[in-house]
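Please keep the sequence and the structure in view while reading.

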Amino acid sequence: METSGLAEWRFGAANPALEAASRQSIRSLVRRVYDCLDTSDPRPVAPFGHGDPSAFACFRTAAAAAEAVAAAVLSGKHSRYSPAAGVADARSAVAAYLSRELPYELAAGDVVLTAGCNHAIEIMMAVLASPGANVLLPRPGYPTYEARAALRGLEFRHFDLVPEKGWEVDLDGLVAVADERTVAMVIVNPSNPCGSVYSHDHLAKIAETARKLGVLVISDEVYGHYGFGSKPFVPMGVFGETAPVVTLGGISKRWMVPGWRLGWIAASDPKGALRDKKVIQSIISYCGISVDPVTFVQGAIPQIIANTDEAFFENAMNVMREAAEICYQKLNDIDCTTCPHKPERSMVVMVKLDLSCLDGIDDDVDFCTKVAREESVVICPGSGLGMKDWLRITFAVDRSLLEDGLERVKSFCIRHAKAKEVN
């Protein structure tokens with residue numbers, strides 16, 4: 001329709017795929033909780049909703065890493081565009097770094113650099129989104145997988161993790177939701193949001209299941225070596241002979257620099273299945289039309305890996321171990337919350353919320369919005385991770401603020417506790 005010779009505006013129609021993806025976004029969910037804060041509250045906000053420890057001095061990155069980036073910038077050699085798959089020296093350094101714990105050597109050609117691990121997720125969901133395909137995702141899991149799959153029109157199906165078994169994969173349940181259109185399964189190990197890590201035997205069973213189904217394993221290991229429990233971290237790539245593995249990782253968590261946006265996709269594929277099926281070629285093709293990781297950070301990667309002293313990682317994990325212990329003990333001291341599994345790795349933990357103890361709290365989202373408003377504590381509702389009436393709590397917070405924030409949560413629960421019946 002035209003008015004006075006002018007056409008009506010034709011833009012602004014809703015994009016259903018974008019709307020579906022945004023409903024899966026953890027950032028959107030946590031932002032809604034932030035919006036409930038009482039800005040007149042003089043207390044500092046306790047940010048238990050997302051995993052970014054870099055704001056706190058106790059979690060500052062290694063000096064050697066910062067020096068490597070500064071040197072890369074000052075050298076003047078890293079201001080140009082990056083090749084689609086990443087700078088060759090950086091890819092070689094990451095391949096050597098990952099090969100330390102594998103029974104075979106990765107080559108630079110097995111590694112593609114990305115603008116952080118979230119970008120790696122975007123790439124994999126796009127590459128796998130052939131017509132009719134579906135991927136299997138863990139519940140609870142990291143919702144960026146659902147968001148990126150939804151945006152690409154890629155069907156996703158959930159398999160459960162079992163809290164009573166240290167959040168292991170329910171392999172029978174996984175097989176039950178797979179069909180002839182299933183192309184991949186995703187595992188997040190060490191786990192975000194559960195704080196657990198899988199044993200060698202459990203990973204072997206996952207690989208065997210993937211082989212029987214004929215699917216690849218996407219192993220999100222951005223929290224690899226980010227541990228403080230007794231169980232060792234075993235990379236999924238160890239089982240690449242059994243089933244092809246695509247490992248997603250990056251420097252954001254181990255070096256505590258999420259803003260540097262440097263991640264990777266690595267193919268553990270000694271039998272060549274991923275290359276035969278042109279998966280690696282498709283990944284590189286996608287990178288050719290996508291964003292690049294910052295070139296000067298790529299230029300610094302060989303030095304970041306080579307020059308970071310092991311003492312930095314040990315000290316960082318000692319601080320994280322103490323934070324995890326404080327979080328676990330204080331949460332179990334609150335009547336309406338339970339941690340079924342003590343966190344061993346990563347910086348998050350899943351917490352069961354017992355609504356029967358509380359008065360006037362409808363669900364986990366209601367709990368989080370009210371604790372934000374009344375106590376200036378931001379917590380991620382479990383509903384956004386597929387776990388209604390659970391909470392995901394990040395403990396990578398300065399100790400004094402962590403303790404204070406958890407005390408505020410306890411006060412909130414006491415204030416909203418149901419009155420006990422008197423016989």
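## The sheet and its edges

Strands E4 and E11 pair in the antiparallel sense, over 4 bridges. The model in which they are seen is a predicted one. Within this pairing, Thr-114 stands opposite Gly-263 of E11. In general, the strands of a sheet pair through backbone hydrogen bonds, either parallel or antiparallel.

The two strands belong to an open sheet of 8 strands, arranged in the order E4-E11-E10-E9-E8-E5-E6-E7, with mixed pairing. Strand E4 (111-114) and E7 stand at the edges; each has a single partner strand, so one side of each is left without a neighbour in the sheet.

## Two domains

The protein is divided into domain 1 (23-60 + 311-415) and domain 2 (63-307). Their centres, taken over C-alpha atoms, are separated by 26 Å. Where the domains touch, 33 residues of domain 1 are in contact with 34 residues of domain 2.

In soluble globular proteins, nonpolar side chains tend to be buried together. In this model, the largest nonpolar core has 115 residues, and those with the most contacts inside it are Met-125, Leu-248, Met-320, Phe-367 and Ile-379. Helix H12 (residues 310-331) supplies the largest share of this core, 9 residues. Both domains take part, since the core draws at least three residues from each of domain 1 and domain 2. Apart from this core lies another, of 30 residues, which includes Ala-65, Leu-102, Leu-262 and Ala-300.

## Helix H8

Helix H8 (residues 200-213) has 14 residues and reaches 20 Å from its first C-alpha to its last, close to the 20 Å expected at 1.5 Å a residue. Which residues of H8 are buried? They are His-202, Leu-203, Ala-204, Ile-206, Ala-207, Thr-209 and Ala-210. An α-helix has 3.6 residues a turn, so residues three or four places apart point the same way. The buried residues of H8 pack against strand E7 (168-169), helix H7 (171-177), strand E8 (182-188) and strand E9 (216-220). Just after H8, Gly-214 takes a positive phi of about 75 degrees.

Is Lys-253 buried or exposed? At 14% relative accessibility, Lys-253 counts as buried, because the cut-off for this class is under 20%. Lys-253 lies in the loop between strand E10 (245-250) and strand E11 (263-268). An unreviewed UniProt entry places the feature "modified residue: N6-(pyridoxal phosphate)lysine" at Lys-253.

Leu-98, a residue of helix H4 (residues 88-99), also counts as buried, at 17% relative accessibility. The C-alpha atoms of Leu-98 and Ile-206 are separated by 20 Å, and the two residues are 108 residues apart along the chain.

The table gives the contacts of these two residues and of Met-320, leaving aside neighbours within four places in sequence.

| Residue | Residues in contact (heavy atoms within 4.5 Å) |
|---|---|
| Lys-253 | Gly-51, Val-222, Tyr-223, Tyr-226 and Met-347 |
| Met-320 | Phe-59, Tyr-226, Phe-228, Met-256, Ser-346, Met-347, Phe-395 and Ala-396 |
| Leu-98 | Leu-106, Trp-264 and Ala-266 |

Tyr-226 and Met-347 are in contact with Lys-253 and also with Met-320.

Conventions
Residues numbered from 1 in each chain as written. Predicted model: local features only at pLDDT ≥ 70, side-chain atom pairs only at ≥ 80, totals over all residues. Heavy atoms only, no water. UniProt positions renumbered as here; feature names shortened; annotations may be inferred. Buried < 20%, exposed > 50% of the residue type's maximum accessible area, 1.4 Å probe, protein only. Expected span 1.5 Å × (residues − 1). Core = buried A, V, L, I, M, F, W, Y, C linked by side-chain atoms within 4.5 Å. Domains from an automatic or database assignment. Pairing = 2+ DSSP bridges.
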